[in-house]
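Have the model open and follow along.

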Amino acid sequence: MTPEIEVCGARRARWQETPPLVAARMPCALPAGHDGPHQDALAATWADLPAALVDEVAVVVTADAVRCAFAAVDDGGVR
Ligand SMILES: [Zn+2]
């Protein structure tokens, strides 16, 4: 009988999922407590980003989308 190795099991954030979704939702297969990025059974890797950074980027992207929408209205057309 082989000893059980505890795996990390972390999953990507929803915004990091890419097609095919079945593969993008695979958990990390590295040992628990590993260093560096997570890696699934297909050797795809991803990193956990600080929540504050993700939130700030979302605000900047949303603000830019709103600015572009109002600019399109001012120009008399839709981009
Ligand atoms: Zn991991």
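Helices here are DSSP runs of H or I with at least four residues, strands are runs of E with at least two, and both are numbered from the N terminus. Numbering of residues starts at 1 along each chain as its sequence is written. Keep in mind that this is a predicted model: local features need pLDDT of at least 70, side-chain atom pairs count only at pLDDT 80 or more, and totals for chains, interfaces and linings use all residues.

How confident is the predictor? pLDDT, its confidence in each residue from 0 to 100, averages 87 over the chain, with 90% of residues at 70 or more.

| Element | Residues | Mean pLDDT |
|---|---|---|
| α1 (lowest) | 21–24 | 82 |
| β1 (highest) | 38–39 | 96 |

As for burial, 3% of the 79 residues count as buried (20 or more other C-beta atoms within 10 Å of a residue's own; exposed means 12 or fewer, partly exposed is in between, and C-beta atoms are placed from the backbone).

Two backbone spots deserve a look. Most residues other than glycine have a negative phi, and most peptide bonds are trans. Yet the bond from Pro19 to Pro20 is cis, with omega near -10°; Pro20 sits in the segment before α1. Ala43, not a glycine, has a positive phi of about 70°. Ala43 lies in the loop between β1 and β2 (45–46), and counts as exposed because it has 7 C-beta neighbours inside 10 Å.

Terms used:
pLDDT = per-residue confidence, 0-100.
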